[in-house]
Amino acid sequence: QVQLVESGGGLVQAGGSLRLACVASGGDFSTYVMGWFRQRPGNEREFVAAISWNGGHAYYADPVKGRFTCSRDNAKNTVYLEMNNLKPDDAADYYCAAGRAIATMSMGSSVESWGQGTPVTVSS
């Protein structure tokens with residue numbers, strides 16, 4: 001229903017920052033709840049953050065609360081994840097996702113589309 005393309009991953013030192021972006025096409029972006037997940041090798045995909053369709057509300061997983069900020073620009077069909085004070089445990093492939101509700105998005109449910117993933121590596 002919607003195609004998602006991510007960018008912004010890279011290699012940073014612990015304590016550094018990155019800003020990820022995900023551009024949507026092929027769907028009505030403004031009607032979707034958008035979220036971010038991450039996955040480490042050999043681990044399950046983990047919820048990181050979600051934001052309401054109009055950007056008025058955001059929800060964060062406890063490990064990133066206070067360090068990461070999720071935002072969106074519906075005019076640009078883009079959702080962002082600002083990551084500050086990165087830690088080695090934050091290293092993972094990061095995926096954006098489109099869904100319908102923050103509550104179910106936070107549990108890994110109601111996802112209709114996934115991005116291709118962008119890698120984040122954090123050195124100690």
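Where does D62 lie? In the loop between β6 and β7, where strands (E, at least two residues) and helices (H or I, at least four) are DSSP runs numbered from the N terminus. Before going further, keep in mind that this is a predicted model: local features need pLDDT of at least 70, side-chain atom pairs count only at pLDDT 80 or more, and totals for chains, interfaces and linings use all residues. Residues are numbered from 1 along each chain as its sequence is written, and side-chain values use heavy atoms, with hydrogens and water left out.

Back to D62. At 62% relative accessibility, D62 counts as exposed; the scheme calls a residue buried under 20% relative accessible area, exposed over 50% and partly exposed in between, using a 1.4 Å probe and protein chains only. D62 forms a salt bridge with K65, and the closest N and O atoms are 3.2 Å apart. A salt bridge here is a side-chain nitrogen of Lys or Arg within 4 Å of a carboxyl oxygen of Asp or Glu. The two side chains also make a polar contact at 3.2 Å, which is a pair of N or O atoms within 3.5 Å; within protein, one must be able to donate a hydrogen and the other to accept it, and residues adjacent in sequence count only if both atoms are side-chain atoms. K65 itself is partly exposed, with a relative accessible area of 47%.

How many salt bridges does the structure hold? Seven. Side chains of opposite charge can pair when their charged atoms come close. Take R67 and D90, whose closest N and O atoms are 2.7 Å apart in a salt bridge. R67 sits in the loop between β6 (58-60) and β7 (68-73), and D90 in the loop between β8 (78-83) and β9 (92-99), so this pair ties together parts that are 23 residues apart in sequence. Both R67 and D90 are buried. Then there's E112 with R100, a salt bridge at 3.2 Å, N to O. That pair links distant parts of the chain: E112 is in the loop between α1 (102-105) and β10, R100 in the loop between β9 and α1, twelve residues apart. Salt bridges that share partners also join R38, R40, E46, R67 and D90 into one network.

Now for the rings. The structure holds three aromatic pairs. Rings of Phe, Tyr and Trp (its six-membered ring) pair if their centres lie within 6.5 Å; planes under 30 degrees apart count as stacked, over 60 as edge-to-face and the rest as tilted. One of the pairs is F37 with F47, edge-to-face at 5.6 Å centre to centre and 75° between the planes. F37 is in strand β4 (residues 33-39) and F47 in strand β5 (residues 46-51), ten residues apart. Both F37 and F47 are buried. F37 also pairs edge-to-face with W114, at 4.9 Å centre to centre and 70° between the planes. With F37 in strand β4 and W114 in strand β10 (residues 113-114), the pair ties together parts that are 77 residues apart in sequence. W114 counts as partly exposed at 35% relative accessibility. F37, F47, Y59 and W114 form one aromatic cluster.
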